[in-house]
Amino acid sequence: MKKIAIIYGALRSAVYKKAVETLSQLLLDYTYEYPVCLAYDPEADYSMYRCVYIGTKDDNAYIAASGVAVPEQAEGYSIQVINGTVIIVGTDDAGLLYGCIDFYNKYI
């Protein structure tokens with residue numbers, strides 16, 4: 001089975017870092033294996049991972065290009081699973097954190 005990778009944009013705030021940390025811990029609790037945490041690089045090959053892309057449209061180019069709709073209200077988020085790839089996008093950093101927690105609660 002492929003290792004899980006959390007692929008984030010810019011760790012620009014404590015709340016954003018907490019979102020990455022929280023999702024990493026929740027996945028560890030579920031899989032008993034630490035996920036790999038990587039900053040998004042458009043030239044990198046992520047095919048060896050089961051990818052979870054997280055961020056906002058402003059900080060993660062993959063998410064911006066994905067066309068995932070995001071609610072406009074503060075602290076909003078969207079979760080999509082497409083062909084085994086997970087995209088968690090927040091309107092802002094707080095929304096991203098809530099999306100990471102709800103991904104675990106609703107999908108795992």
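Guide: A salt bridge is a side-chain nitrogen of Lys or Arg within 4 Å of a carboxyl oxygen of Asp or Glu. By this rule the count in this predicted model comes to five salt bridges.

Visitor: What makes Arg-12 and Asp-59 a salt bridge?

Guide: Their closest N and O atoms are 3.2 Å apart. The limit is 4 Å, so the pair counts as a salt bridge. This pair links distant parts of the chain, 47 residues apart. Arg-12 is in the loop between strand 1 (3-8) and helix 1, and Asp-59 is in the loop between strand 3 (49-55) and helix 2 (61-66).

Visitor: Why are Arg-12, Asp-59 and Asp-93 called a network?

Guide: Arg-12 also meets Asp-93 in a salt bridge, at 2.8 Å from N to O. That value is within 4 Å, so this pair counts too. Asp-93 lies in helix 3, 81 residues from Arg-12. Salt bridges therefore link Arg-12, Asp-59 and Asp-93 in a network.

Visitor: Why is Asp-59 called buried, and what is Arg-12 called?

Guide: Buried means under 20% relative accessible area. Asp-59 has 13%, so Asp-59 is buried. Asp-93, at 11%, is buried as well. Arg-12 has 45%, which falls between 20% and 50%, so Arg-12 is partly exposed.

Visitor: How do you know that Lys-106 and Asp-102 form a salt bridge?

Guide: The N to O distance is 3.9 Å, which is within 4 Å, so the pair counts. Both residues lie in helix 3, four residues apart, about one turn of the helix. Lys-106 has a relative accessible area of 61%, over 50%, and is therefore exposed.

Visitor: What makes the rings of Tyr-53 and Tyr-62 a stacked pair?

Guide: Ring centres must lie within 6.5 Å, and stacked planes are under 30 degrees apart. A search of the whole structure finds six aromatic pairs. In the pair of Tyr-53 and Tyr-62, the centres are 3.6 Å apart and the planes are at 10 degrees, so the pair is stacked. Phe-103 and Tyr-107 have 5.5 Å between centres and 25 degrees between planes, so they are stacked too. Phe-103 and Tyr-107 both lie in helix 3 (residues 93-107), four residues apart.

Visitor: Which residues form the aromatic cluster, and which form the nonpolar surface patch?

Guide: Tyr-40, Tyr-46, Tyr-53 and Tyr-62 form one aromatic cluster. The nonpolar patch is made of Tyr-30, Val-81, Tyr-107 and Ile-108, with about 390 Å² of accessible area together. Tyr-30 is found in helix 1.

Visitor: Why is Ser-24 called buried?

Guide: Its relative accessible area is 13%, which is under 20%, so Ser-24 is buried. Ser-24 is found in helix 1 (residues 14-31). Not counting residues up to four places away in sequence, Ser-24 touches Ile-6, Pro-35 and Cys-37.

Definitions and conventions. Residues numbered from 1 in each chain as written. Predicted model: local features only at pLDDT ≥ 70, side-chain atom pairs only at ≥ 80, totals over all residues. Heavy atoms only, no water. Helix = DSSP H or I, 4+ residues; strand = E, 2+ residues; numbered from the N terminus. Buried < 20%, exposed > 50% of the residue type's maximum accessible area, 1.4 Å probe, protein only. Contact = heavy atoms within 4.5 Å. Phe/Tyr/Trp six-rings, centres within 6.5 Å; stacked < 30°, edge-to-face > 60°. Patch = residues over 30% accessible without salt bridge, like charges linked within 9 Å, V, L, I, M, F, W, Y side chains within 5 Å. Areas by Shrake-Rupley, 256 points an atom, 1.4 Å probe, with all protein chains shown as cover.
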